[in-house]
Amino acid sequence: MERVVVPDDFPSILSGTAALKRLEQQAQVTVYTNRASTAEELIQRVQGAKVAVNIRAYSKFDERLLKACPDLKMIAVLGVGTDNVDLGAASRLGIRVTNTPGFSAVSVAEHTLALMLAAARKIPEHEKELRAGRWTRLPMTQLHGKRAGIIGFGNIGRQFAGLARGIGMKVWVWTFHPSPRRAEEAGIEFVEFDQLLSQSDVIAVTIKASEKTRGLISRQALEKVQPSCILVNTARASIVDTPALIEALGKGKLAAAALDVFDQEPLPAGDPLLSLPNVVISPHNAGMTPEAIERGNEMLVENILSFLQGRAINVVNG
C-alpha cells in the first residue's frame, strides 16, 4: 500500500475519525499529533511518503521541503487556502496539490456574522464590564440598513452575503472577477475597490489568500475607510497590513476590527491586538464546527483515494 503521512494534526481534528479509518483501509497512514519543532523535522516526517496531508497553515511546504522529498507526489490540503504551499515549485516537481473547497463555507460565514455583531454591539466589552460588577452601557451600532462590503465572492462570501441581507443590511462586493451574470444570480452589486473601502459600514474580508491579495488592505486602503467602519477578517492575516490596522484602530480611524486570523498563530501573549478594546478576536476556529470538520475530512480522504486511483480531483495547481 502507498504511504500517506499527516505531519500536522495538531490541534487534532482527523485522528480517530471515520474518514481516517476509511483511508487506513486503503493506504499505510502515519499521523503526527504534535507540531514539528523545526522545518527539518517537518521534512523528516514527510520523507518517503507519496501523499502528505496538510491540515495546519503553520506547516510550510516550500521548495526546500518539496525537493527534499522526492517520493512526494501529492499534497492534500484540508481547507481552501494553499498559501503555505509553494504551488509553482510543486507544479515543476510534478506534485499535485488539492484542497477541499466549500467544506466550511457555512460555518465560516456564520462566524463572520457573529464577529461582526459582537464588534458592532461591543459584546466582549460589555461582558468584561458586567463581570467586573459594573453596569456599563456603551454606545453600539445598529447594522440594519447599513452597508456591508464583501471582499471576495467565493463560497464564504456568497454565504455571508445572504446572512447580511437576512439582518437587513445592504450588500455590495468587490472581486477580481466581477460579472453581470454573477451579480444577477446572487442579487448583489459589484463595485470598484475604492468605492467599497470608502462607503461601506462593514468590510468583510473573505477572499482567498494569494500573492495577489497579500497586503490588499494596506495602509493606503485603510486611510480610505470611514472612521465608523468595522473590519472583519476570517480569511487570512496576510491580506491585511496588521501594523497599519493596529495604528488605525488606535487613532480612531477605524471603529473596530473582528479577527479570526493572525500573522502569528497561536497569537502570542503581549501582542498589541490583545490590548485594544475595539478588537474582537477568536482563535482561527471559524470553520471548526462538527459539521464542517466531518465534511472536510470526508472531502480530504476522497481527494487522496481518487488520486491513488489515478483520477485527481479538486486540484489547485493545474
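**A first walk through the model**

Visitor: Let's start at one residue: what is the relative accessible area of Arg134?

Guide: In this model, which is a predicted one, Arg134 has a relative accessible area of 40%, and it is therefore partly exposed.

Visitor: And which residue does Arg134 form a salt bridge with?

Guide: The partner is Glu129, and the closest N and O atoms of the two residues are 2.9 Å apart. Glu129 counts as buried, since its relative accessibility is 17%, whereas Arg134 is partly exposed.

Visitor: How many salt bridges does the structure hold?

Guide: There are 16 salt bridges in the structure. One of them joins the side chains of Lys50 and Glu2, at 3.4 Å from N to O. This pair links distant parts of the chain, 48 residues apart, with Lys50 in the loop between α2 and β3 and Glu2 in the segment before β1.

Visitor: Lys50 and Glu2, then: what are their relative accessible areas?

Guide: Lys50 has a relative accessible area of 26% and is partly exposed, and Glu2, with 37%, is partly exposed as well.

Visitor: What about Arg22 and Glu302, where do they lie?

Guide: Arg22 belongs to helix α1 and Glu302 to helix α12, so the two are 280 residues apart and their pairing links distant parts of the chain. Their side chains meet in a salt bridge of 2.8 Å, N to O. Arg22 counts as partly exposed at 37% relative accessibility, and Glu302 is partly exposed with a relative accessible area of 26%.

Visitor: Which residues are linked with them in a network?

Guide: The network of salt bridges consists of Arg22, Glu302 and Arg311.

Visitor: Switching to rings: how many aromatic pairs are there?

Guide: The structure holds 3 aromatic pairs. In one of them, the ring centres of Phe153 and Phe190 are 5.9 Å apart and the planes stand at 90°, so this pair is edge-to-face. Phe153 is in the loop between β6 and α7 while Phe190 is in strand β8, so the pair ties together parts that are 37 residues apart in sequence.

Visitor: Are those two buried or exposed?

Guide: Phe153 and Phe190 are both buried. Another edge-to-face pair is formed by Trp174 and Phe176, with 4.9 Å from centre to centre and 65° between the planes. There, Trp174 is buried, with a relative accessible area of 12%, but Phe176 counts as partly exposed at 33%. Together with Phe193, these two residues, Trp174 and Phe176, form one aromatic cluster.

Visitor: Next topic, the second largest pocket: how much space lies in it?

Guide: The second largest pocket holds about 400 Å³ of space. Its lining has 23 residues, of which Lys122, Glu125, Pro277, Asn278 and Val279 are the closest to the centre.

Visitor: Which element gives the most to that lining?

Guide: That is α6, which gives 4 residues to the lining of the second largest pocket. The elements giving two or more residues are α5, α6 and β12. By type, the lining divides into 14 nonpolar, 3 polar and 6 charged residues.

Methods. Residues are numbered from 1 along each chain as its sequence is written. This is a predicted model: local features need pLDDT of at least 70, side-chain atom pairs count only at pLDDT 80 or more; totals for chains, interfaces and linings use all residues. Side-chain values use heavy atoms; hydrogens and water are left out. On a 1 Å grid over the protein atoms alone, a cavity is a set of points where a 1.4 Å probe fits but cannot get out, and a pocket is an open set with protein on both sides within 12 Å along at least five of seven lines; lining residues have an atom within 4 Å of a point. Grid points are joined across faces, edges and corners, and a volume is the space filled by probe spheres set on the points. Ala, Val, Leu, Ile, Met, Phe, Trp, Tyr, Cys and Pro count as nonpolar, Asp, Glu, Lys and Arg as charged, and the others, Gly among them, as polar. A salt bridge is a side-chain nitrogen of Lys or Arg within 4 Å of a carboxyl oxygen of Asp or Glu. Buried means under 20% relative accessible area, exposed over 50%, partly exposed in between (1.4 Å probe, protein chains only). Rings of Phe, Tyr and Trp (its six-membered ring) pair if their centres lie within 6.5 Å; planes under 30 degrees apart count as stacked, over 60 as edge-to-face and the rest as tilted.
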